[in-house]
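Please read the points below alongside the sequence and the coordinates.

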Amino acid sequence: LCKMMNARAVCRAALKSAAGSLHARVPAVAGPQSACFARQVLSTTPSSVSPMLALRTSNAVRTLSSTAASRVKEAPLMLNQLAPAPGSTHTSKRLGRGIGSGKGKTCGRGHKGQKARRGTGKPYVGHEGGQTPLYRRLPKRGFTNPFRRVFTPLNLNRLQDAINDGRLDASKVITMKDIYDCHLLGRTIKGDGVKLLAKGDEAFSSKIEIEVSRVSAKAREAIEKAGGKVTPVYYTKLNLRALLKPEKYDIIPRRAFPPPKQQRFYPEHQEHVQLEQARNSQ
């Protein structure tokens, strides 16, 4: 009985000394070092202590260490502590730096051959081993017209629907700016302007005056039959952008004249430029 009482007294003293030293060394035992410190405390316990008492002592030490670790405030992040995430970077392979490096001379590619050459070692698309490839054996056909002009189509049925819905005012001159603002052709007008086509000409009945880049003969006939008027107007891509988005320019660019091959489509271009200048001055 006396031995057991002495053993308990020794454990209480060890526990108190462990708790005191633990509170004194809070920064040192915080984190993964707390378990190591607990083992050091337990190693000082006499071997005559019962296993149950030793277990209680170890649990108490763990509780004290976790409590102390939770009280430790995290240090603020400093600029000198910034670093990439582990594994996100790697050291580049140094090639051609002598045989001692293991990647000297041929740099790990071996002697000659397709894979020893610079680049990926793969031939270009269409390579046929050195013989004349197919795309060079076949003759050329046709050409690309450098003066071509591409227009965004607009049919009469869509134009009539926009007038009926109130998106376009038939009492005023309808320009490509009005078509752009009401999003009749989407968010933008692609190419060199708008070409008016005759789909839905049977149901077209609005008397309008409209200005577009091009117009088909059948669409012109349908508009004039309804009492309206259509005027082809020439715009370069710069002039067209200035027409659609005038807020982009401090000074509106001057209207360009159509080239000789395009003048047959715009017989009233000079009069239209003067009319537009007068309209903008008002």
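In this predicted model, 19 residues line the largest pocket, and those nearest its centre are Ile 252, Pro 253, Arg 255, Glu 276 and Asn 280. The volume of this pocket comes to about 530 Å³.

**Lining of the largest pocket**

- Two helices, H9 (237–244) and H10 (269–281), each supply at least two residues of the lining of the largest pocket.
- Of the contributing elements, H10 gives the most to this lining, namely six residues.
- By residue class, the lining of the largest pocket divides into eight nonpolar, five polar and six charged residues.

**Salt bridge between Asp 192 and Arg 149**

- Asp 192 forms a salt bridge with Arg 149, and the closest N and O atoms of this pair are 3.9 Å apart, a distance that falls within the 4 Å cut-off applied to such pairs.
- Because Asp 192 lies in the loop between helix H7 (176–181) and strand E3 (194–197), while Arg 149 lies in the loop between helix H5 (134–137) and strand E1 (152–155), the pair ties together parts that are 43 residues apart in sequence.
- Asp 192 has a relative accessible area of 10% and is therefore classed as buried, since that class takes in values under 20%.
- Arg 149, at 18% relative accessibility, also counts as buried.

**Salt bridge between Asp 181 and Lys 177**

- The side chains of Asp 181 and Lys 177 meet in a salt bridge, with an N to O distance of 3.4 Å.
- Both Asp 181 and Lys 177 lie in helix H7, where they are four residues apart, a spacing of about one turn of the helix.
- Asp 181 counts as partly exposed, its relative accessibility being 42%.

**Salt bridge between Glu 128 and Arg 137**

- Glu 128 pairs with Arg 137 in a salt bridge whose closest N and O atoms are 3.1 Å apart.
- Glu 128 is partly exposed at 31% relative accessibility, and Arg 137 is likewise partly exposed, with a relative accessible area of 44%.

Terms used: Residues numbered from 1 in each chain as written. Predicted model: local features only at pLDDT ≥ 70, side-chain atom pairs only at ≥ 80, totals over all residues. Heavy atoms only, no water. Buried < 20%, exposed > 50% of the residue type's maximum accessible area, 1.4 Å probe, protein only. 1 Å grid on protein atoms, 1.4 Å probe; cavity = no way out; pocket = protein on both sides within 12 Å on 5 of 7 lines; lining within 4 Å. Points joined across faces, edges and corners; volume = space filled by probe spheres on them. Nonpolar A, V, L, I, M, F, W, Y, C, P; charged D, E, K, R; others polar.
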